Amino acid sequence: MKSCQIWGDLAADRIDDQYPTVTVCDACAEANQQGENAAIVAVVGGYDEGHGDECHFCDITREEEAAAKDGGDL
Ligand SMILES: [Zn+2]
């Protein structure tokens, strides 16, 4: 899990709404940083529970991601 700044509502008044910081799983962080339609502006750091414990894109939780890695299925 990582904390990532994403493209939000650019018409919003607050910078927090324009570029909100959300929790993103490792797989989505990699997939959404590439290309023209990349949804992620920047990876700002590691997991921060203040942004929630579910991936913004695929809704996997931190526990589920850890379990998947332990199981070696992915
Ligand atoms: Zn994800």
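**A pair across the sheet**

I began with Q5, which stands opposite A42 in β3. Before going on, I noted that this is a predicted model, where local features need pLDDT of at least 70, side-chain atom pairs count only at pLDDT 80 or more, and totals for chains, interfaces and linings use all residues. Residues are numbered from 1 along each chain as its sequence is written.

**The strands**

I then looked up the pairing around that spot. Strand β1 (residues 2-6) and β3 pair in the antiparallel sense over 5 bridges. For my own record, two strands pair if DSSP finds at least two bridges between them. Helices (H or I, at least four residues) and strands (E, at least two) are DSSP runs, numbered from the N terminus.

In what order do the strands lie in the sheet? I read it as β2-β1-β3, an open sheet of 3 strands with antiparallel pairing. β2 (21-24) and β3 (40-46) each have a single partner strand and stand at the edges, so one side of each is left without a neighbour in the sheet. From one strand to the next, the twist averages 35 degrees; axes here are lines fitted to C-alpha atoms, for helices over the stretch in contact, and angles run from 0 to 180 degrees between N-to-C directions.

**V43**

Next I clicked on V43, which is found in strand β3. Is V43 buried, partly exposed or exposed? I have V43 down as partly exposed, because 14 C-beta neighbours lie inside 10 Å. The cut-offs are 20 or more other C-beta atoms within 10 Å for buried, 12 or fewer for exposed, and partly exposed in between, with C-beta atoms placed from the backbone.

Leaving out residues up to four places away in sequence, V43 touches K2, C4 and A29. Contact means that the C-beta atoms, placed from the backbone, lie within 7 Å. I also checked V43 against C55: they are 12 residues apart in sequence and 13 Å apart in space, C-alpha to C-alpha.

**G52**

I moved on to G52, in the loop between β3 and α3 (62-71). G52 is partly exposed, with 13 other C-beta atoms within 10 Å. G52 and S3 are 49 residues apart in sequence, yet 9.7 Å apart in space, C-alpha to C-alpha.

**The whole chain**

Last, I zoomed out. I found 3 helices and 3 strands in the protein chain, following the pattern β-α-β-α-β-α along the sequence. Of its 74 residues, 18% count as buried.

Conventions:
Two residues are in contact if their C-beta atoms, placed from the backbone, lie within 7 Å.
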